[in-house]
Amino acid sequence: IDLDKLPIKRLDVIEENGLEKFPHDIGYDQKRLESIRRIDFAWAVWPWQSLVENLQLAHQELSVIIDLINTVEANDAVTVAGMTRPKPLPNEVLSDLSISSATKLQCFRHLGKYFKQSAKGLEQQIAREARFYGALIRLQKNWKVKRQRSSEGFTIDLCDNSLSDPLRSPSISSIRIDHDPAGMLAVNLPPKLCRSIQFGFLGKEAVRDDVCVKETHSILREVHRAIFDEQVFDLVNREAFSPSVGVNVTGIRENYLELGIGQGASAYLSLVPLGQPSSISCEIYLQQIFHENVLVKVKDKGYDLLGHFCMTLAHRIFSSKVLAQLENLANKVSYLHLLSRPRWHSRTSSWSLLMKVPESILHAGKSQFETKVTVIDDCVNIEGEGSPNVVSLFKNGSEEMCSLNSYDYDLADLPFILLQQVASQVIRWLHEEALLVGMKSSRDFLSLSFELEQGDRLCLVARVDPSNREGCISWWLVMADGEEGRLHIGMKFLGYLSLETLYSLLMDLLALCN
């Protein structure tokens, strides 16, 4: 706060009569002006000094010009001659034209560069949009694509609403589709929501599949399969506790089911994150029967899916053991060939053991013999041509032969029965060849007999041994008494002979008998 000093009463004048006059009191406005005058404006006025001087000079020049104009207008003797612009020289015209052209060219270049950059950006944007919507149209051929009303994005509906008896609602049924800055389709899946069925046998190493699918079609198929697998797993869980033939629940926890199937075999079914190892064939078959009997035949409520599936697994385990036995025999016996016969049924398997015989000198007779092995569930059936009827063997009537026989056997007896069947087919083939060349011969189940001059009999006998590593079927030559059939000379081991060697031996016996 600034307080003015108290005013001092000073005499202004003393008149002649002695009257004293004092100065008048200063008003508010006067006091404000005096306060302003006290302020030093020199620092602020100085920068404007040059500007003021320039304005004064300009004013003086303008006054001179105005005075000159006024003088010319008032005095007729003063005239201003008209001035014309001189004609430019040719080089000046060319110079001006070149400068103008260069300027315009530069402008056009800048304009073209701008248009080129704009066109390139627009082309990239159109390419991104075309790439995105083109891929989206291709997806629409196989998937249900929907546009989101709230935004510019799209979703793909993977939920199946065709079931009249809906199963448990899947954890994920709608996938959002976006596009990245490059215009490519982008699918962002929530973690741990896509799971697949994993099937495996307890105590056995699982088959690994580390293939990582990154393409959009494949991702959508995986998600669709994950929904399908959850429905399969849910249905199997519900059927597991219903009475089923050949299956019982041995363990259960979250997303895991352990089953006992067949004779002492165990299996498990679980939901695991996509990409982990799985037994593909069993999983595909489980999904197939689920699709055929649940999604397609929804009205049929009496189908035992779990029982059929477990019986199929038991059949596959058993049939694989049968196939191992057949492959072992085909490897040991050189003239046997193993063929697979598709039966188009999940619980039926069939194979053929084919034996091709050498062509005879008379070009007659059979050229091959076949033995069919069929496995239905866990039962083995053998059908073989060329073996004698079992009833006729007990009646000692080898003439009553059956061209096709069928028997049911267990797995333990299978190699021995098959070797007997093959040996009997070889005997039949040799017997037919002997009759063609005029030899007096007769055959039994595993032996071929020839009549000699003095009533004795020379027999070619086959012996089977599945455990033998050299050939499984060995051949012996036996001399027997013609009247009572007892041996009086002995027997000779011939070895594990091929069909060509057996045919040569038959020709040698023909010469001996004649």
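**Close-up views of a predicted chain**

**Figure 1. The whole chain at a glance.** The protein chain holds 10 helices and 20 strands; helices (H or I, at least four residues) and strands (E, at least two) are DSSP runs, numbered from the N terminus. This is a predicted model, in which local features need pLDDT of at least 70 and side-chain atom pairs count only at pLDDT 80 or more, while totals for chains, interfaces and linings use all residues. Residues are numbered from 1 along each chain as its sequence is written, and side-chain values use heavy atoms, with hydrogens and water left out. Of the 514 residues of the protein chain, 36% count as buried, where buried means under 20% relative accessible area, exposed over 50% and partly exposed in between (1.4 Å probe, protein chains only). Among contacts (heavy atoms within 4.5 Å) with a separation of 6 or more, 53% come from residues 24 or more positions apart.

**Figure 2. Helix α7 against helix α9.** Let us start with a pair of helices. Helix α7 (residues 305-332) packs with helix α9 (residues 414-436) at an angle of about 40°, and their axes are 10 Å apart. That makes α7 oblique to α9; angles under 35 degrees count as roughly parallel, over 145 as roughly antiparallel, 65 to 115 as roughly perpendicular and the rest as oblique. Axes here are lines fitted to C-alpha atoms, for helices over the stretch in contact, and angles run from 0 to 180 degrees between N-to-C directions. The crossing of α7 and α9 is right-handed, a label given if the near helix is turned clockwise from the far one by less than a right angle, with anticlockwise giving left-handed. On the α7 side look for V322, Q325, L326 and L329, which meet L414, P415, L418 and L419 in α9. By class, this contact of α7 with α9 has seven nonpolar, one polar and no charged residues. Ala, Val, Leu, Ile, Met, Phe, Trp, Tyr, Cys and Pro count as nonpolar, Asp, Glu, Lys and Arg as charged, and the others, Gly among them, as polar.

**Figure 3. Helix α9 against helix α10.** Now follow α9 to another partner. The axes of α9 and helix α10 (residues 499-513) come within 11 Å and cross at roughly 35°. α9 passes α10 in a right-handed crossing. From α9, the residues V426, W429, L430, E433 and A434 make the contact, together with L499, L502, Y503 and L506 of α10. These residues of the contact of α9 with α10 divide into eight nonpolar, no polar and one charged.

Figure 4. I427 lies in helix α9. Is I427 buried or exposed? At 0% relative accessibility, I427 counts as buried. Leaving out residues up to four places away in sequence, I427 touches R443, D444, F445, L446, S447, L448, L460 and W475. I427 and A462 are 35 residues apart in sequence, with 8.2 Å between them in space, C-alpha to C-alpha.

Figure 5. Strand β17 (residues 447-451) pairs with strand β18 (residues 457-464) in the antiparallel sense over five bridges; two strands pair if DSSP finds at least two bridges between them. S449 has C459 in β18 as its bridge partner. The hairpin of β17 and β18 has five residues between the strands, and G455 takes a positive phi near 90° there. β18 also pairs with strand β19 (residues 473-480), in the antiparallel sense over eight bridges. Here A462 stands opposite W475 in β19.

Figure 6. Four bridges join the antiparallel strands β4 (residues 154-157) and β5 (residues 174-179), and D157 stands opposite S174 in β5.

**Figure 7. S270 and its neighbours.** S270 is buried, with a relative accessible area of 6%. Not counting residues up to four places away in sequence, S270 touches S196, I197, Q198, F233, N255 and Y256.
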